[in-house]
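Hello,

Here is the structure I said I would pass on. Please open it first, then read the notes below.

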Amino acid sequence: MDERKQHAPISPGVTERTKLARYRDDCPTAFSLDRRELLLTGLSLVGGLAGVPTLPATAAPPSWSQQSAAQFMEISSLLIPHRLNEEVGKRMGAAMSALNPSLSEQVTALLSIAKNKNARIVEEFFPDVPAGPLKDTALAIISAWYLGVVSDAPDAEVFAYEYALMYGPTKDVMTIPSYAISGPNGWTAEAPPLDSMPEF
Amino acid sequence: MATDDGADVVVVGTGVVGCLIAEQALDAGLSVLMLEAGPRVDRWRIVENYRNLPPGIRLFHWDAPYPPKPWAPHLETRREKESEQYLQLEGPNARAYLQGYVRYAGGATWHWAGICWRLTPEDMRLKSLYGVGRDWPFGHDVIEPYYSRAEYALGVCGPSDPAQQWPPNVKRSKPYPMGPTPFGAGEHRLTEAASKIGLMNIHAPQARNSGVSYDGRPPCCGNNNCFPVCPIAAKYDAATALPKIEAKGGRILANAVVYRIETGERKTIEAVHYFDPDKGSHRVTGKIFVIACNGIETPKLLLFSKDDRNPNGIANSSDQVGRNMMDQPKLITDIEMTEPLWTGVGPVQSSSIMNTTQGEFRSNYAGALFRMENFARSSLGAAAALKKGLVGKALDKEIRRISACTARLTVEHEPLPWPNNRLTLSSKKDWLGISKPNIYYDVSDYVRRSAKEYTVPLLHKLADGLGATSFKLSPEFLNSDHIMGGCIMGTDPTTSVVDPDCRAHDHHNLFLPGGGAMPSGTASNSTLTMTALALKAADAIVDQLRHG
């Protein structure tokens with residue numbers, strides 16, 4: 001459906017070009033105020049729209065199943081001693097497997113190394129991970145959770161920003177940019193000790 | 001009333017300069033039409049763009065949340081190839097003119113740091129005092145009241161204690177409208193280390209609401225991403241002026257790229273012509289024309305508009321349009337320390353060392369401003385720690401250590417106006433067929449000598465005072481995004497483009513206010529001075545239309 005046709009009807013004599021030369025709404029359709037107004041008037045839309053627009057799912061390859069996703073969360077929790085967001089994990093795992101078709105098997109292999117050591121934390125099994133693709137993948141999984149991206153391309157999709165773990169170790173002091181933790185002039189020059197570590 | 005076809009005052013460019021002039025003209029009862037090359041975009045869109053940038057891009061590519069429209073290109077730097085697309089740069093210091101400005105309604109104040117230094121009286125008399133550069137055609141006493149007006153227009157916070165103010169020993173006619181923002185731990189540490197070597201790190205006056213709301217905008221709560229965008233408009237950006245201008249009856253046309261200034265008989269400007277995104281051309285008439293598109297786009301437009309009456313470009317009988325291009329050539333050093341410093345608390349820039357900008361040595365080499373960057377270093381710490389292949393507790397510990405124990409120190413040198421630092425029209429054209437700007441830039445020995453004999457040794461001293469164990473200096477001079485000089489001001493029409501009111505010598509109804517008019521660059525951020533010049537020009541424009 002042509003978005004522009006949802007606006008008020010154009011009166012005769014006012015050309016389309018003149019209308020477009022005014023303030024042009026650059027927001028994407030998912031957040032369009034016009035669409036919100038339609039929702040409020042109770043009109044139903046093709047495809048439906050929940051209260052919160054969701055981002056399009058990254059297309060995972062057919063080999064990436066729900067079991068793969070569950071295993072991805074399991075190995076992530078073993079590699080990283082922090083709270084992990086399941087929604088983020090679902091999307092990131094799928095994206096990683098699209099880049100690395102062997103991800104599913106590698107995750108299974110990493111899990112069995114961990115199980116053989118009865119490992120509860122990463123330090124207990126990481127030395128046993130052989131150098132090469134397995135270690136690279138383990139580090140890539142850790143990196144993805146910390147940085148919120150699965151590749152270093154300049155236009156890589158961002159899966160987590162506020163929840164990216166990289167901000168965790170300093171969150172007692174350093175603001176996550178654009179997520180102020182303070183009030184008006186509400187910060188001080190107090191510096192916590194370097195050897196304390198916030199919980200996250 | 002203004003229409004889409006004309007107004008008393010036609011303003012090209014909706015940055016801070018254009019917006020302040022527009023509002024003052026409206027307040028004086030004149031009609032105003034503003035033409036903006038780029039789009040009008042809401043703040044939330046920029047914040048979303050920013051949050052969705054990958055971490056490698058998010059921290060330093062300040063134009064990345066502002067993807068340009070095809071008809072209003074500006075610098076893009078995500079990929080190296082992109083940075084060659086629009087600005088054509090040459091000369092030994094081409095890299096130092098890789099200017100990041102934004103062709104969006106609101107202009108470059110969308111992503112500026114907000115720092116608002118005033119010039120000192122000496123800064124305005126380089127020729128008389130030190131035998132270099134040019135004098136301003138008026139003294140500090142003339143610009144001082146305009147500085148006050150600018151500070152109240154933007155909402156600048158600064159210290160009320162004269163011992164902490166800049167310039168020192170110059171009486172202010174009005175206090176700052178708001179008091180300074182507090183220092184974080186890092187800024188305190190730097191202030192201590194600096195004072196041990198005789199340098200004063202002082203609160204930077206900044207266009208940021210400090211502790212209170214101002215002008216309908218909330219106070220700063222330390223989002224620490226002033227560049228590239230303040231999520232709550234606690235930092236002044238000209239985008240907040242646009243609804244006020246419309247509320248007062250001003251008309252703003254976005255996506256309208258002015259490509260030609262039309263002259264008539266007796267050297268009056270008759271009209272400007274703009275392209276819309278469908279490449280249709282439109283003609284706009286007015287009584288007074290203000291070209292305020294920034295220090296690159298304004299001279300570019302003047303040159304591109306050359307006609308039979310003005311074969312060297314509009315307003316260019318002096319041949320100075322596009323010459324004397326200035327910016328503060330910048331060097332940065334990344335240091336690692338044994339003790340933590342802690343950035344990321346409060347605004348991204350909040351203080352600087354200014355006493356290093358002044359002195360007799362300026363007859364020989366450039367003065368310079370020093371500062372510590374206060375952006376949160378957490379993402380840098382994480383990237384570095386991950387590269388080491390660490391996991392678990394060791395990874396977290398190293399992220400914290402690197403984030404806390406590293407810092408970036410910056411030095412910005414003052415430029416001099418050299419005629420060969422010049423903007424000309426490239427043979428390459430943009431999407432609309434308008435010439436891209438070509439700029440030749442050489443920072444000159446005046447700056448190189450300063451770096452060698454003065455600023456880099458001082459940087460080492462400062463780093464030592466902070467207990468640095470490593471020191472990594474940038475291999476070349478970088479841009480500071482303070483574009484100045486291309487429409488230089490003076491009283492002599494044979495050697496300058498505009499008069500002391502930023503009126504073009506050649507065309508009585510054409511004004512070219514902004515950084516381009518500044519006869520001296522100095523080491524400090526240019527925006528407050530540009531804003532003062534905008535208000536001075538606005539006074540002249542209103543006076544001219546009222547009294548002829």
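Taken from the N terminus on, the elements of chain A run α-α-α-α-α-α. That is six helices and zero strands. Please keep in mind that this is a predicted model.

Chain A has 200 residues, and 28% of them count as buried. Take the contacts in chain A with a separation of 6 or more: 61% of these join residues 24 or more positions apart.

Chain A also touches chain B. The contact takes 47 residues from chain A and 58 residues from chain B. On the chain A side, two elements give two or more residues: α1 (16-21) and α6 (133-147) of chain A. The largest share of that side comes from α6(A), with five residues. By type, the chain A side divides into 30 nonpolar, ten polar and seven charged residues.

**Two helix pairs in chain B**

Start with helix α1 (residues 16-27) and helix α12 (residues 527-547), both of chain B. Their axes come within 9 Å and cross at roughly 30°. Angles under 35 degrees count as roughly parallel, so α1(B) is roughly parallel to α12(B). The crossing of α1(B) and α12(B) is right-handed.

Which residues meet here? From α1(B) they are B:Val16, B:Val17, B:Leu20, B:Ile21, B:Gln24 and B:Ala25. From α12(B) they include B:Met530, B:Ala534, B:Leu535, B:Ala538 and B:Ile541. The residues of the contact of α1(B) with α12(B) come out as twelve nonpolar, three polar and no charged.

The second pair is helix α9 (residues 378-387) and helix α10 (residues 392-405) of chain B. Their axes are 8 Å apart, and the helices pack at an angle of about 135°. That makes α9(B) oblique to α10(B). This crossing, of α9(B) and α10(B), is right-handed.

On the α9(B) side, the contact is made by B:Ser378, B:Leu380, B:Gly381, B:Ala382, B:Ala384 and B:Ala385. On the α10(B) side, B:Leu395, B:Glu398, B:Ile399, B:Ile402 and B:Ser403 take part. The residues of the contact of α9(B) with α10(B) divide into seven nonpolar, three polar and one charged.

**The nonpolar core**

The largest nonpolar core has 213 residues. Which residues have the most contacts inside it? They are B:Ile21, B:Val32 and B:Leu512. Helix α12(B) gives the most to this core, with ten residues.

**One aspartate in a loop**

Last, look at B:Asp481. Its place is in the loop between β15 (468-473) and β16 (510-511) of chain B. Is B:Asp481 buried or exposed? B:Asp481 is buried, because 24 other C-beta atoms lie within 10 Å, and 20 or more is the cut-off for buried.

What does B:Asp481 touch, not counting residues up to four places away in sequence? The answer is B:Gln99, B:Gly100 and B:Tyr101. B:Asp481 and B:Gly100 are 381 residues apart along the chain, yet their C-alpha atoms are separated by 5.8 Å.

Best wishes

How values were computed:
Residues numbered from 1 in each chain as written. Chains lettered and ligands numbered in written order. Predicted model: local features only at pLDDT ≥ 70, side-chain atom pairs only at ≥ 80, totals over all residues. Axes fitted to C-alpha atoms, helices over the stretch in contact; angles between N-to-C directions. Helix = DSSP H or I, 4+ residues; strand = E, 2+ residues; numbered from the N terminus. Parallel < 35°, antiparallel > 145°, perpendicular 65-115°, else oblique. Left-handed = near helix turned anticlockwise from the far one by under 90°. Contact = placed C-beta atoms within 7 Å. Nonpolar A, V, L, I, M, F, W, Y, C, P; charged D, E, K, R; others polar. Buried ≥ 20, exposed ≤ 12 C-beta atoms within 10 Å, placed from the backbone. Core = buried A, V, L, I, M, F, W, Y, C linked by C-beta atoms within 7 Å.
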